[in-house]
Amino acid sequence: MTSLYTAILGDGEESIVQAITDIFSLDLKKIYDQHISADINLYPYPLRKYLPASSIAKKKLMTLTQNKGLEDMLSTTIIFSRGCPYRCAFCTMPSITQYNPSVRFRKPELIADEIEYLKRECRIEGINLLDEIAIPLSRKKAISHLEAIGKTNITWRGQCRVDGITPEIAKLTRQSGCSALGLGVESAEQQVLDMIDKKIKIEKAKETIGLLKENNIEARLYMIMGAPGESPDIVNKMWNFIVETSPDLVHLSLFTVRPGTEVYNNSKKYGIKEV
Ligand code: SF4
């Protein structure tokens, strides 16, 4: 009996092969649950030639807020890692730790190979990294990761945490071709960051924004209003934080309680009366 729909849970490299095999034997299951994490370095980069040209490369993906010049760059999205080792209470990532126990990065030489392929075969000049954490948090790994990207002479943007960005890493990030980085700062109040288990300090967030600006990397902030633990004058505090740090762009979201998150599962602990 063939299912009308199928969900593939977990990494999927093995499950997708199994599902396709099952389609041919008219035995497609409803759920394929791959609990063993794939070694992402064992798999080649995806060949994009089977996609329509409009899905491979686009313009305006690299557009900056403050400076002109990257709007017409032919660009694409790409990902070099899987997972996130943190457990922020508002985020759904921790709910899939049984599939993604930590963070896994592709090897530097594979990263460089994939970028060279995109440049050569798809005329790509810019890449938007979709990794949750674009730059590995350990110094040694960050350096080899950034050097691998840098030697391809590509322009890139991405997102990362505020910790792990030291003066040395900020400089290397710029040298590797980074034009903009999104930072998950979330709140201007330390008590909120502690409550949502963000595991960052306000002072470090300010320092990292400054490091990006010093190195001519556009600093884009992700901020949340309405998070648990906010004081009554949160609006002023947020505004003062933005004025003081002067980021290039702020993405402001309203706090939402999503199924699977810690705030959803233990809403009372966060002062949420009803979900
Ligand atoms: S918000 Fe970012 S750092 Fe926190 S768990 Fe989610 S992906 Fe990881």
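Me: Which hand does the crossing of helix 4 and helix 5 have?
Reply: In this predicted model, helix 4 and helix 5 cross in a left-handed manner.

Me: Which residues make that contact?
Reply: Helix 4 contributes Ala-142, Ile-143, Leu-146 and Gly-150, while helix 5 contributes Ile-169, Leu-172, Thr-173 and Gln-175. Sorted by class, the contact of helix 4 with helix 5 has five nonpolar residues, three polar residues and no charged residues.

Me: At what angle do helix 4 and helix 5 pack?
Reply: The angle between helix 4, residues 139–150, and helix 5, residues 167–175, is about 15 degrees. Their axes lie 9 Å apart. Angles under 35 degrees count as roughly parallel, and helix 4 and helix 5 are therefore roughly parallel to each other.

Me: And how far apart are the axes of helix 3 and helix 4?
Reply: The axes of helix 3, residues 108–122, and helix 4 are 8 Å apart, and the two helices pack at an angle of about 20 degrees. That angle makes helix 3 roughly parallel to helix 4.

Me: Is the crossing of helix 3 and helix 4 left-handed or right-handed?
Reply: Helix 3 passes helix 4 in a right-handed crossing. On the side of helix 3 the contact involves Pro-108, Glu-109, Ile-111, Ala-112 and Ile-115. On the side of helix 4 it involves Ser-144, His-145, Glu-147, Ala-148 and Ile-149.

Me: How do the residues of that contact divide by class?
Reply: The contact of helix 3 with helix 4 has six nonpolar, two polar and two charged residues.

Me: Let us step back to the whole chain. How many helices and strands are there?
Reply: The chain has nine helices and ten strands. Its radius of gyration is 21 Å, close to the 19 Å that the globule rule gives for 275 residues, so the chain is as compact as a globular protein of that length.

Me: What does the C-alpha trace span along its principal axes?
Reply: The C-alpha trace spans about 60 × 50 × 35 Å along those axes.

Me: What share of the residues is buried?
Reply: Of the 275 residues in the chain, 29% are buried.

Me: And among contacts between residues at least 6 apart in sequence, what share joins residues at least 24 apart?
Reply: The share is 72% of those contacts.

Me: Now the backbone. What is the phi of Leu-26?
Reply: Leu-26 has a phi of about 55 degrees, which is positive although the residue is not a glycine. Most residues other than glycine have a negative phi.

Me: Where is Leu-26 found?
Reply: Leu-26 sits in the loop between helix 1 (13–24) and strand 2 (31–34). Leu-26 is exposed, because 8 other C-beta atoms lie within 10 Å and a residue with 12 or fewer counts as exposed.

Me: What about the phi of Ser-246?
Reply: Ser-246 is not a glycine, and its phi is positive, near 50 degrees. Ser-246 belongs to the loop between helix 8 (234–245) and strand 10 (249–254). With 10 C-beta neighbours inside 10 Å, Ser-246 counts as exposed.

Me: Which residues is Asn-128 in contact with, leaving aside its neighbours within four places in sequence?
Reply: Asn-128 is in contact with Leu-61, Ser-75, Thr-77 and Arg-157. By contrast, the C-alpha atoms of Asn-128 and Phe-241 are separated by 27 Å, and these residues are 113 residues apart along the chain.

Me: Where is Pro-232, and is it buried or exposed?
Reply: Pro-232 lies in the loop between strand 9 (218–225) and helix 8. Pro-232 is exposed, with 6 other C-beta atoms within 10 Å. Between the C-alpha atoms of Pro-232 and Lys-60 there are 39 Å, and the two are 172 residues apart along the chain.

Me: Finally, how far apart in space are Glu-207 and Asn-265?
Reply: Glu-207 and Asn-265 are 34 Å apart, C-alpha to C-alpha, and 58 residues apart in sequence. Glu-207 lies in helix 7, residues 202–214. Glu-207 counts as partly exposed, with 17 C-beta neighbours inside 10 Å.

Terms used. Residues are numbered from 1 along each chain as its sequence is written. This is a predicted model: local features need pLDDT of at least 70, side-chain atom pairs count only at pLDDT 80 or more; totals for chains, interfaces and linings use all residues. Helices (H or I, at least four residues) and strands (E, at least two) are DSSP runs, numbered from the N terminus. The radius of gyration is taken over C-alpha atoms; the globule rule is 2.2 Å times the number of residues to the power 0.38. A residue is buried if 20 or more other C-beta atoms lie within 10 Å of its own, exposed if 12 or fewer, and partly exposed in between; C-beta atoms are placed from the backbone. Two residues are in contact if their C-beta atoms, placed from the backbone, lie within 7 Å. Axes are lines fitted to C-alpha atoms, for helices over the stretch in contact, and angles run from 0 to 180 degrees between N-to-C directions. Angles under 35 degrees count as roughly parallel, over 145 as roughly antiparallel, 65 to 115 as roughly perpendicular and the rest as oblique. A crossing is left-handed if the near helix is turned anticlockwise from the far one by less than a right angle, and right-handed if clockwise. Ala, Val, Leu, Ile, Met, Phe, Trp, Tyr, Cys and Pro count as nonpolar, Asp, Glu, Lys and Arg as charged, and the others, Gly among them, as polar.
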